[in-house]
Amino acid sequence: MNEDQNSSPGSEFSMMENSQYIEEQSQEILLGKEEGLDVSIYSNPEFNWLQMEQIRMGIKDKVNVAAYADPLYSYETMKQIRLSFYSSCDLVPYLERGFVDDELEQIRLALEEGLLIDRWLTDDMYVQQIYEIRIGLYEELDVSLYADSQYNWMQMNEIRLGLEKKLKVSFYTNYLFSHWQMREIRLGLEAGLDVSSYAKLIFSGTDMKEKRQELLKKKTEKHTVKEKPGIDIKALTKKEFSIFVEDNGNKAFAFISWIPGNFVSEEDIYEAMEQRGIVVGIKPEAITDMIRQRRMNEKILIAEGTPAEAGRNGWFEFFVRLDLPRIPAPLPDGGVDYVNIEAFEMVEEGEKLAVYHPAEKGVDGQNVFGEILHANKGIEKKPLKGEGFTIAPDGVTYLSRLNGKFEYLNGRMIISNMIIVREDVTAVTGKLEVDGTVYVIGSVYSGGNIEATGDIIVEHNVEAGRLKAGGNVMIKKGSCSKHDCFIQAGGEVSGSFFEAATIDAGGNVKANYIMNSVINTMGKVIVSGSKGMLLGGRVCAVRGVDTYNLGNRSHIKTYLEVGRNALYNKQQALFAQKRGQLLDELSMLEDRWNKVLQVLPPDKEKAAELIKKLNATIVAKDHELADLDADISKLANITDQEMKAVVVRGNAYEGSMIEINTVKYMLPSYVSRVAFKLKNKNVVLVKL
């Protein structure tokens, strides 16, 4: 770049913003470049170096860093989301609920261990509480006794410890007990004391401790060996050892203290086990070895039960592919291979799609006390949801109801009607109107006209013609015409290239090359690859533009209109109209509600049913209004001043006009690797 180009408007501002980088941030960017990574994703002074490190590691491991590459997230939050991708856990829903940092770590560990922690989580829980629930689930305890945010983590800990030792924790599960009080009751139960005399709210933790020690002293005195006259038994022998049980009664250990004159025999160990009721899984060889080898001050496993084995969870066996590459493969230049993508799989009427295998019974176990440990049966899965299929009389086999396109999206199985056109579509073919998806194996030429409620997929080219889809439009090789190609889609429009096309889309418009086209989209326009170019024509994209090159050296005028443009205003007007209709409907329902309450039918059951139905209708409308308000807010947020409205990853040439939220900016000279955004009612450049 020459000196004149360096002095272009915005470059001074760009240098000012990028001067915020400190040495550690620069080091992270340098490491990314050395590893051949796309450092533009985190080359932002709003990220500290620890955040940059998490994004760099994610890019290197090829995970979806877009899910966490936000300066608002701490590096620890970023780290947990990154780690979750390695085990296919989805932490985003928990992030949206407000869980962060170490809280996300505990949730991630639970999910990785296959623990059903969702049932017990509430949004007001903090990390230590989540930890106690996770450990309880891992140890297969009844966490329902303490998985409640009214307990602090120390109270949860006391209840969990009691459950581990198979104590009757109902003595102290009252959340009004402090954790100190709970501890004294637990220690009393462990010692086999009758805690009912002091397990009361009127006693403080100190009072409880004194009463526990008094009870323990009385119990000890009862079991003191009476000495025979003239013989000091205590002086002659010492038998200091402990038997304790862990792992929910599944393991028993012995511990012999090292004290001079301490002689413990095998009989002493067996007698102590008998007194404790330990009768299953005894290990005689371990006891003999411990005594003969005088293994003191060492924890020795002397009995072990058989743990229960939970049954296998229910699962679906699919006979159709669920792993179709819905994201096209990248090309060597960074572009996208739309030509070879498999967009769908066809199924026939009556074809077996899936079979459900019910959950299996587990195998019961037995603890060292001889008690049966009942195994949990595996967890049943809910039936598959979706459309276009039936369930066979056996209740577990799923069959296609029609010949059509199979998709498995967001846990739903959908088979929709598909028409396959095995020839080119031209004026001779006539207008194709399909309730479902249309798949054209050939091309679409002048006069070709297709309307579909689902997707339209064209294997080759669209040289001219009209395509209108309720879903997505995919033209694998591209579109080229003399301003006689019109594409309208409720979803995305994608293809290798578009030239002289007119496109209206509800979702993103994606290609490797776009020239002299008129594009209107509520989404983004994305042009990929180092050879990718957005050149000429007019683009109106509410959510922005992301292209490799913008314009060319011939200074062909290229007009970009992003953010709060005419499309945005039209959508907001539609939202406002729909909101007004909903408010009117709610007002009418409330009027009816008031009238119904005044003239309820004498039959109580009919009256209750009428009120129930009317209330359900009002609640449904309230939810509809809330969803609409969320969409309105979301649209406003994505077009605020902080959005990088236009991103150019390669070169941007003069002659390009950029308009963001009606603020216009004409690019006067060549720049490279920049983003355009709105700041203080001015369009500014930021170096990538």
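Biologist: Let us begin with accessibility in this predicted model. Is Glu35 buried, exposed or partly exposed?

Modeller: The general idea is a pair of cut-offs: a residue counts as buried under 20% relative accessible area and as exposed over 50%, with partly exposed in between. Glu35 has a relative accessible area of 32%, so Glu35 is partly exposed.

Biologist: With which residue does Glu35 form a salt bridge?

Modeller: A salt bridge pairs a side-chain nitrogen of Lys or Arg with a carboxyl oxygen of Asp or Glu, within 4 Å. The partner of Glu35 is Arg56, and the closest N and O atoms of the two are 3.3 Å apart. This pair links distant parts of the chain: Glu35 sits in the loop between helix H3 and helix H4, whereas Arg56 is in helix H4, 21 residues apart. Arg56 has a relative accessible area of 9%, so Arg56 is buried.

Biologist: How many salt bridges does the structure hold?

Modeller: There are 27 salt bridges in the structure. One of them joins Glu371 to Lys166, with 4.0 Å between the closest N and O atoms. Glu371 lies in the loop between strand E9 and strand E10, and Lys166 in the loop between helix H9 and helix H10, so this pair ties together parts that are 205 residues apart in sequence. Glu371 is partly exposed at 39%, and Lys166 is partly exposed at 41%.

Biologist: Are Glu407 and Lys405 buried or exposed?

Modeller: Glu407 has a relative accessible area of 13% and is therefore buried. Lys405, at 2%, is buried as well. The side chains of Glu407 and Lys405 meet in a salt bridge, 3.6 Å from N to O. Elsewhere, salt bridges that share partners join Glu28, Glu35, Arg56 and Lys60 into one network.

Biologist: Let us turn to a single residue in a helix. Where is Glu184, and which residues does Glu184 contact?

Modeller: Glu184 is in helix H10. At a relative accessible area of 5%, Glu184 is buried. When neighbours within four places in sequence are left aside, Glu184 is in contact with Tyr198, Gly205, Met208, Lys209 and Arg212.

Biologist: Which residues of helix H14 are buried?

Modeller: An α-helix has 3.6 residues a turn, so residues three or four places apart point the same way. Helix H14 covers residues 284-292, and its buried residues are Ala286, Ile287, Thr288, Met290 and Ile291. What covers these buried residues includes strand E2, helix H13 and strand E3. Just after H14, Arg294 takes a positive phi of about 45°.

Biologist: How many aromatic pairs are found, and how are their rings arranged?

Modeller: The angle between the ring planes decides the label: under 30 degrees counts as stacked, over 60 as edge-to-face. A search of the whole structure finds 8 aromatic pairs. Phe244 and Phe253 form a stacked pair, 6.0 Å centre to centre, with 20° between the planes. Phe244 is partly exposed at 25%, whereas Phe253 is buried at 11%. Phe318 and Tyr408 form an edge-to-face pair, 5.3 Å centre to centre, with 65° between the planes. Phe318 belongs to strand E4 and Tyr408 to strand E14, 90 residues apart. Phe318 and Tyr408 are also part of one aromatic cluster, which includes Phe316, Tyr356, Phe389 and Tyr398.

Biologist: How many disulfides does the structure hold?

Modeller: The structure holds 0 disulfides. Cys485 is in no disulfide: the nearest cysteine sulfur, that of Cys480, is 9.0 Å away, and a disulfide needs sulfur atoms within 2.5 Å. Cys485 is buried, with 0% relative accessibility.

Biologist: What does the protein chain look like as a whole?

Modeller: The chain has 16 helices and 39 strands. Of its 688 residues, 43% count as buried.

How values were computed. Residues numbered from 1 in each chain as written. Predicted model: local features only at pLDDT ≥ 70, side-chain atom pairs only at ≥ 80, totals over all residues. Heavy atoms only, no water. Buried < 20%, exposed > 50% of the residue type's maximum accessible area, 1.4 Å probe, protein only. Helix = DSSP H or I, 4+ residues; strand = E, 2+ residues; numbered from the N terminus. Contact = heavy atoms within 4.5 Å. Phe/Tyr/Trp six-rings, centres within 6.5 Å; stacked < 30°, edge-to-face > 60°.
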